[in-house]
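The structure comes up next.

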Amino acid sequence: MAYEELTPKEKASILMIALGQNYSAEIYKHLSEDELGQLTLGITTTRRVDAEIKERVLNEFFEMCLTQKFISEGGIDYARQVLEQAMGQDKARDLINRLSSSLQVRPFDFIRRADSMQILNVIGNEHPQTIALVLSYITPKQAAEVLAELPEERQTDIVRRVANMGSTSPEYVKEAERILERKLSSMGYSEQIAVGGIGAIVDIINSIDRGTERNILESLDVEDAELADEIRKKLFVFEDIAKLSSQAIQRTLKEVNTADLALALKSTTAGVSQALMNNISKRLQEMLVDDMEVMGPVRVRDVEEAQQRIVNIVRRLEDAGEIIIARGEGDEMIV
């Protein structure tokens, strides 16, 4: 696909992949639940992107950041003056226009880049009101071609719905967009050549704090439960410690700070607590119990951070080949 055909959502997904998991994880902390869900879906459906497109996305992001900085410092006129001196009048005008328009993406922008037959395949079996909604947003030429291919008995009904549509609920438009974009991607349209997919989003989620991780997965449970399950199968979270072998737990505990262990055990499942306690000496067990009692009430965030540090140790040891993490169920489990 040409760079000019990329949607803002696609550029955002490519940007997250190009920045790498550490920077992407930091950006994730500042996004809303809705933004997290949309971006996560975008990353998982991105395939490969050639180096030139990746470089152009990064360059556009840098230029937009500069433009935003200049606008914040002195307003649009100040930004225009600085950018014109640095990049020329045309480039300055383009950057300022893009920054303004990027906040006003027209609904169904992704589908307008498809050809008429692809649009027909995506919406042909949808409810007539959904078809009418899409036809209202795509180009007149595309709408005419799609309408001509629909069964005659549906054409009149859809034309009537388009004519009488008036205002439409933003929630309905947004939900229709999400479903159709997902359907379009699943049909193989818009094959890309930066690596995305499940692996990329798992790498990012593995690097973020537990609170954000939980928010992302809970949001995906609502929007795409199947995708959430697929991601969870590839993730290792603190609760999965109960599934580790005794040897793996003992190797992990060699790297764990005692204070972190006491803090992490303040709020966890009985299974995880028992798995950890069973793999330490009686003396250390008594010390941990005493430490937790002396500690008193603690912030949930502090507990989650301690648990995340332990999870990071587990993941690092797995990467080094020192322990094995069993994933999946039944025949897929490693025993």
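**Charged pairs and a buried alanine**

Asp-90 is exposed, at 53% relative accessibility (buried is under 20% relative accessible area, exposed over 50%, partly exposed in between; 1.4 Å probe, protein chains only). This is a predicted model: local features need pLDDT of at least 70, side-chain atom pairs count only at pLDDT 80 or more, and totals for chains, interfaces and linings use all residues. Residues are numbered from 1 along each chain as its sequence is written, and side-chain values use heavy atoms, leaving out hydrogens and water.

- Asp-90 and Arg-93 form a salt bridge at 2.8 Å, N to O (a side-chain nitrogen of Lys or Arg within 4 Å of a carboxyl oxygen of Asp or Glu).
- About one helical turn separates the two, because they sit 3 residues apart in helix α5 (residues 89-101) (helices are DSSP runs of H or I, at least four residues, numbered from the N terminus).
- Arg-93 is partly exposed at 42%.

- Arg-251 is partly exposed at 21%.
- Its salt bridge to Glu-255 has closest N and O atoms 2.9 Å apart.
- For Arg-251 and Glu-322, that separation is 2.7 Å.
- This second pair links distant parts of the chain, 71 residues apart: Arg-251 lies in helix α14 (residues 246-253), Glu-322 in the segment after α18 (300-319).
- Shared partners join Arg-251, Glu-255, Arg-316 and Glu-322 into one salt-bridge network.
- The whole structure holds 14 salt bridges.

**Ala-176**
- Ala-176, in helix α10 (residues 170-186), is buried at 8%.
- Leaving aside residues up to four places away in sequence, Ala-176 touches Phe-108 and Leu-133 (heavy atoms within 4.5 Å).
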